[in-house]
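Hi everyone, thanks for coming along. Please have a look at the structure on the screen, and I'll walk you through a few parts of it.

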Amino acid sequence: MPTNLNSRSLRLTLALIIPFALICYLYSWNQTPTLVPSPSTPQSFETTTGTGSPASISVPTKEPSTSDRHPGTSAAPIYTLPDKVWHSAKFDNLSENQREWTGSWTRKNPSIRQELLTDRSAEAFVRAHYFKTRPDIVEVYEALPIPILRADLFRYLVVLAEGGIWGDLDTSCEKEVAEWVPLEYRNANIDMIVGLEFDFEWRGAGTKIASQFCNWVFVGRKSSRNLQVIVDTVLNKLEGIAEANSVGIEGITLEMLSDVVEVTGPKIMTVAIMESLGQLLGRTVDDRDFAHTKRPKLVGDVLIMPGVSFAALQNSNPTDQGDPLVTHHYEGSWKKEDAEAKERKKQKQEQEQQQQQQEGSPPPPGAAAAT
């Protein structure tokens, strides 16, 4: 009797299990998705900033190339740069124009992050990032009495510390950042992206670099090799000026400078990059490496953009160099102060010359007889 019960139970169990398994199989077969080729869709890559927070960068899908499949050991794609744009201002009460221009960065790049630092927060940033490793940087930065010199130095320091895009308050983004770098360079070892402000011919051996990169906008990798050279070059220049005038850094005045652009601005930035590239490539790098370029050109680890990219107006709006990427609206308030300082310096030199002429001139007629 118990054997019959066990046999019936087994048959009943099988009768229930087999149909159930068949139903599950048919259901899962009907639910299997069909893979349909889709049009090219931007892929999202994540990178991490110096603070550890992720930033998403959209990169158009492209066919894999040999370099994509077998990247070099030194390859560091530009898309590993933080997708962030930095600005600074004395205070955070921006003008209507400045809000419009800075807002263009997020309108063109919806996933981009922006940060505006005021004078006070910029000082805190420099101290937090450099006090332990480079106290000399903090000392010079905090002692600088001239706002434009501090502003120039800060832009190099903030991008060096965390990487990203620097944009002056009077710059507006015209084309999304993901399209700035040509396809052939997107897996290249790019340390910085700079654009030509002035594009001139080489002037011969022993002459100064004629061309000049703009510093109102540039892109740099965190701990950029080139930005480190720029910062050290600027510090050496400032310390040399202070020593030549027998003052501390805090005693530097605009009258002591040949020109702001040659002390902290675009010209010294250009010279420093050329020296840095020379160290990397083991040869002299000058205007011949990029003069009259019509499209982005990689020299060493610096991607040099043609004049139209960041300085279309300065380069007479060329039509054979691609699209403008950034517009500079030339609202720099420091230029008036610089011009006034130059005028004071000129007047002082003229007064000194007049005094020297008077001291060296013969006495007026009759002066000896009167004595």
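Let me start with a definition: a residue is buried when its relative accessible area is under 20%, exposed when it is over 50%, and partly exposed in between, using a 1.4 Å probe and protein chains only. What you see is a predicted model, in which local features need pLDDT of at least 70 and side-chain atom pairs count only at pLDDT 80 or more, while totals for chains, interfaces and linings use all residues. Residues are numbered from 1 along each chain as its sequence is written, and side-chain values use heavy atoms, with hydrogens and water left out.

First, the overall picture. The protein has 371 residues, and 41% of them are buried. It holds twelve helices and twelve strands. Helices here are DSSP runs of H or I with at least four residues, strands are runs of E with at least two, and both are numbered from the N terminus. Contact means heavy atoms within 4.5 Å. If we take the contacts between residues at least 6 apart in sequence, 73% of them join residues at least 24 apart.

Now, our first pair of helices. Two packed helices are described by the angle between their axes and the distance between the axes. The axes are lines fitted to C-alpha atoms, for helices over the stretch in contact, and the angles run from 0 to 180 degrees between N-to-C directions. Helix α4 covers residues 119–130 and helix α5 covers residues 135–143; their axes come within 8 Å and cross at roughly 165°. So α4 and α5 are roughly antiparallel to each other. As for the words, angles under 35 degrees count as roughly parallel, over 145 as roughly antiparallel, 65 to 115 as roughly perpendicular, and the rest as oblique.

The α4 and α5 crossing is left-handed. A crossing gets that name if the near helix is turned anticlockwise from the far one by less than a right angle, and is right-handed if clockwise. On the α4 side, the contact is made by A122, E123, V126, R127 and Y130, and on the α5 side by P135, I137, V138, Y141 and E142. Sorted by class, that is seven nonpolar residues, no polar ones and three charged ones. For the classes, Ala, Val, Leu, Ile, Met, Phe, Trp, Tyr, Cys and Pro count as nonpolar, Asp, Glu, Lys and Arg as charged, and the others, Gly among them, as polar.

Let's stay with α5 for a moment. Beyond its neighbours within four places in sequence, E142 is in contact with E123, R127 and R150. E142 and R127 are 15 residues apart in sequence, and their C-alpha atoms are 8.9 Å apart. By contrast, I137, V138, V140 and Y141 of α5 are buried, and their cover includes α4, α6 (147–162) and α7.

That brings us to the second pair. Helix α7 (residues 225–244) packs against α9 at an angle of about 125°, with the axes 9 Å apart. The two helices are therefore oblique to each other, and the crossing of α7 and α9 is right-handed.

N226 is in helix α7 and counts as buried because its relative accessibility is 0%. Not counting residues up to four places away in sequence, N226 touches D191, M192, I273, S276, L277, D301 and V302. V234 also lies in α7, and V234 counts as buried because its relative accessibility is 0%. V234 and Y156 are 78 residues apart along the chain, yet their C-alpha atoms are separated by 9.9 Å.

How far apart are the end C-alpha atoms of helix α9, residues 266–281? They are 22 Å apart, which agrees with the 22 Å that its 16 residues should span at 1.5 Å a residue. The expected span is 1.5 Å times one less than the number of residues. Just after α9, G282 takes a positive phi of about 70°.

Last, the loops. Most residues other than glycine have a negative phi. S246, in the loop between α7 and α8 (260–263), has a positive phi near 55°. S246 is exposed, with a relative accessible area of 69%.
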